Amino acid sequence: MDALMLSRLQFAVATFFHFLFVPLTLGLSILIAIMETIYVRTGNEDYRRLARFWGRIFIVNFTIGVLTGITLEFQFGTNWSRYSRYVGDIFGSLLAIEATVAFFLESTFLAVWVFGWNRLSPRLHALSIWLVALASNLSALWILIANAWMQHPVGYVLRGGRAELQDFLAVITQPFAWQIFFHTISGAYILAGFFVMGLSAYHLLRKQETAFFAKSFRLALTFALIFSLAEIVQGHFHAGEVAKIQPAKLAAMESHWHTQTGAPMHLFLIPDESRDRNLVEFGTIPDALSLLAFHSPQATVKGLKDFPKDERPPVALTFLAFRLMVALGFLFVVLTVVGWFKRHRLEASPGFLKVMLYAIPLPYVALQAGWIVTEVGRQPWIVYGLMKTADAVSPVAVSQVGVSLAAFIAVYSLLGVAAFYLMRKFALQGPEPAVAPTHSGGGLKNA
Amino acid sequence: MLETIWFTLWGILWAVYFMLDGFDLGLGTLMPALAKSDLDRRLIYRAMGPHWDGNEVWLITAGGVTFAAFPTTYAVMFSSLYSALMLILFALIFRGISFAFRDALPSPAWKALWDWCLTIGSFLPALLFGVAFANIFQGIPIDAQGIYQGTLFTLLNPHGLAGGVLFVLLFTLHGSLWLAVKSAGDLHQRAARLAAGLWPALLIVAVLFLLATWRATHLYDNYLHHPVLFLIPLIAVAALIATRVFIHRAAWWPAWFASSLTIVATTLFGVVGLFPNLLPSSLNPAYSLTVYNSASTPLTLKIMLGVALTFVPVVIAYQVWAHYLFKDKIQEEDLAHEEAY
């Protein structure tokens with residue numbers, strides 16, 4: 001393997017591992033902030049315990065997310081130096097803004113939250129977790145604006161062998177960036193909702209602290225229901241945007257080979273990339289692809305065969321990842337709608353609770369699949385239409401990248417196992433016992 | 001002009017990062033020498049707990065600003081220093097994780113594992129940042145295409161290693177002073193004694209490094225052209241001496257601030273000497289990356305300046321507030337709250 005392939009693998013490992021932790025941070029920070037706000041407003045001690053219980057799991061998750069995020073920033077320079085040089089004028093500034101407006105805020109106020117239980121008034125303490133939630137989501141916005149620019153470069157001019165910024169507002173306001181942002185954070189909120197529901201279901205099934213966990217289940221259910229529904233609607237428009245600006249990605253998502261008007265959709269198909277066709281197709285719905293992608297049954301959808309071979313993304317992987325993500329997206333709606341009708345008799349629905357417990361990994365799968373569609377579907381481009389991934393890699397020795405890739409795999413595997421073990425332990429252990437706080441500055445009297 | 005402003009901000013960002021994370025990295029390195037019991041170790045973790053992550057963001061910002069303001073330098077510097085940066089990265093990951101993991105399980109072996117991760121994960125970045133910056137000051141073998149013609153071992157030359165030792169001593173003195181500020185009793189006494197013991201070693205290495213800099217680098221050129229700049233190394237020396245005076249008087253906060261100033265002035269001494277280079281080539285000065293041939297466009301630099309002037313003062317304000325919130329000495333009772341870490 002060459003430095004290019006190793007660097008791509010390394011970036012994939014680093015991003016996927018990082019993205020195992022980030023979505024939970026984005027959603028759980030908001031749920032904890034809501035719990036603590038309810039505590040401050042009602043004085044109900046259970047909500048303080050809820051914030052602390054989920055907070056403990058949150059911290060393990062957050063710490064790993066933050067630390068593995070540094071890898072990503074370093075990697076643009078270490079492994080993708082030609083890319084960095086080419087786009088630094090635009091992409092670099094977005095990363096620097098992310099650090100300045102978001103990372104400081106989230107790191108500083110998480111520490112304030114963790115160590116401030118007895119030093120701040122309940123109001124200020126709740127405010128600090130709101131700031132963490134705001135900052136995490138702000139950081140998602142800036143990094144996704146940067147990603148959207150790689151997907152659909154705007155507001156630039158090519159000069160002196162690089163892309164130079166011409167219109168900053170165009171970069172940060174382009175609709176595709178906001179589509180990616182809403183799509184990703186909705187996914188993250190669904191993930192956090194299912195995480196909280198699943199673990200609450202575990203305790204409800206064992207009849208432990210049932211009032212306590214019913215509260216967190218219902219809160220998470222509302223949250224996940226809203227965003228599961230929103231994700232379907234938004235996802236539809238998101239795909240429409242992809243159809244317009246990344247037609248090769250759309251064609252790969254649907255394994256659509258021949259350009260045609262009134263393009264159909266196949267409920268089941270098996271792509272055969274080596275022969276530029278599908279091996280099997282059935283469950284054909286006429287005109288459906290044209291209708292979904294362009295809102296017109298007679299619209300023309302460009303097929304993969306009309307893209308040069310070296311400008312097509314890997315089809316089977318993009319297609320499978322897209323199908324998986326969409327199927328799971330609909331499943332999340334079904335599960336949360338069912339949950340909505342059972343929300344007042346959760347303990348009487350052990351079957352449903354069990355399903356929700358085992359559903360915890362599903363949003364993780366859906367989100368990773370979504371990233372595959374986004375990133376693999378964009379290949380062979382690193383900056384769509386401007387720079388190919390193959391031209392972006394650093395002039396570094398194969399051995400260097402080989403060693404660092406091996407180290408990433410080893411270290412991240414160990415970290416992943418340890419983090420999973422600890423989060424599982426904290427989650428199964430349940431909350432601290434309900435006692436009134438005795439320290440000054442905390443507790444009900446200031447609420 | 002914009003390039004010069006960003007060069008200055010770039011230098012200040014690194015200086016602030018070294019000043020802030022310096023005490024964490026130094027204290028983590030020293031933990032085996034300072035802690036006699038599990039309680040001591042928990043107090044040491046707690047002395048850094050609310051601060052390490054906020055401090056580390058200055059590194060991310062320094063990296064981000066290199067990328068945004070001088071993308072060509074970012075590209076060449078990070079790919080040239082590939083192995084060193086990867087080591088720093090893994091070290092910082094292990095260091096940070098130990099804060100979240102160490103007290104999560106009661107097993108002594110588990111705790112010992114993370115204690116070692118903290119110490120090694122603190123020592124390696126301290127050493128390697130020193131090695132990296134000493135090499136940057138000296139110049140590294142990059143060719144006309146910005147391709148690095150060396151290996152990790154090229155960086156481990158005598159000057160680079162001297163820079164590494166200098167940083168380790170600067171940071172460990174800084175860290176022991178931080179613990180002297182934050183602790184009481186025996187632990188405080190040990191931190192105070194260690195700080196007094198580290199000071200002469202730092203003085204000797206600092207003087208040797210300044211002399212070696214004369215031989216190995218062109219940093220002094222700027223100073224000879226503009227002698228008023230000699231104020232910066234003078235401030236570094238004065239701050240180092242003041243540190244000793246405050247240690248003698250057992251004035252720990254002033255000693256820590258003097259040590260902070262030493263670190264900032266030492267970093268700026270190198271950065272000012274470097275100007276207008278960001279990454280000199282040791283092969284041919286024409287291949288060097290400077291603020292002129294590696295900067296972003298004026299538009300990007302202006303937008304970034306607007307962002308920096310708006311948000312950095314806010315960041316400084318809330319970070320100062322957070323430090324003030326946790327300014328007290330750590331007592332044993334503080335550990336009883338079980339506040340997550």
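Colleague: What radius of gyration does chain B have, with its 341 residues?

Modeller: Please note that this is a predicted model. A compact globule of 341 residues would have a radius of gyration near 20 Å, and the value for chain B agrees with this. The C-alpha atoms of chain B fill a box of roughly 60 × 40 × 35 Å along the principal axes. The radius of gyration of chain B is 20 Å.

Colleague: What percentage of the residues in chain B is buried?

Modeller: A residue counts as buried if 20 or more other C-beta atoms lie within 10 Å of its own. The secondary structure of chain B comprises 14 helices and 2 strands. Among its contacts between residues at least 6 apart in sequence, 79% link residues at least 24 apart. Of the 341 residues in chain B, the buried ones make up 59%.

Colleague: Which helix of chain B gives the largest share of the side that touches chain A?

Modeller: The contact involves 53 residues from chain A and 55 residues from chain B. On the chain B side, at least two residues each come from helix 3 (52-69), helix 4 (71-80), helix 5 (82-101) and helix 13 (298-325). The largest share, 13 residues, is supplied by helix 13 of chain B.

Colleague: How many charged residues are on the side of chain B that touches chain A?

Modeller: Sorted by class, that side has 38 nonpolar and 15 polar residues. Its charged residues number 2.

Colleague: Are helix 2 of chain A and helix 5 of chain B roughly parallel or roughly antiparallel?

Modeller: The axes of helix 2 (residues 45-78) of chain A and helix 5 of chain B come within 9 Å and cross at roughly 170°. Angles over 145 degrees count as roughly antiparallel. Therefore helix 2 of chain A and helix 5 of chain B are roughly antiparallel.

Colleague: How many nonpolar residues does the contact between these two helices have?

Modeller: Helix 2 of chain A contributes residues including I59(A), L67(A) and F74(A), while helix 5 of chain B contributes, among others, L85(B), L92(B) and G96(B). The contact has 4 polar and no charged residues. Its nonpolar residues number 14.

Colleague: Which residues touch the most other members of the largest nonpolar core?

Modeller: This core has 272 residues, and its largest share, 21 residues, comes from helix 3 (residues 81-115) of chain A. Leaving aside residues up to four places away in sequence, L31(A) touches W54(A), A192(A), V196(A), L219(A), A220(A) and F223(A). The residues that touch the most other members are L31(A), W54(A) and I145(A).

How values were computed
Residues are numbered from 1 along each chain as its sequence is written. Chains are lettered from A and ligands numbered from 1 in the order in which they are written. This is a predicted model: local features need pLDDT of at least 70, side-chain atom pairs count only at pLDDT 80 or more; totals for chains, interfaces and linings use all residues. Two residues are in contact if their C-beta atoms, placed from the backbone, lie within 7 Å. Helices (H or I, at least four residues) and strands (E, at least two) are DSSP runs, numbered from the N terminus. Ala, Val, Leu, Ile, Met, Phe, Trp, Tyr, Cys and Pro count as nonpolar, Asp, Glu, Lys and Arg as charged, and the others, Gly among them, as polar. Axes are lines fitted to C-alpha atoms, for helices over the stretch in contact, and angles run from 0 to 180 degrees between N-to-C directions. Angles under 35 degrees count as roughly parallel, over 145 as roughly antiparallel, 65 to 115 as roughly perpendicular and the rest as oblique. A nonpolar core is a set of buried Ala, Val, Leu, Ile, Met, Phe, Trp, Tyr and Cys residues joined through C-beta atoms within 7 Å. A residue is buried if 20 or more other C-beta atoms lie within 10 Å of its own, exposed if 12 or fewer, and partly exposed in between; C-beta atoms are placed from the backbone. The radius of gyration is taken over C-alpha atoms; the globule rule is 2.2 Å times the number of residues to the power 0.38.
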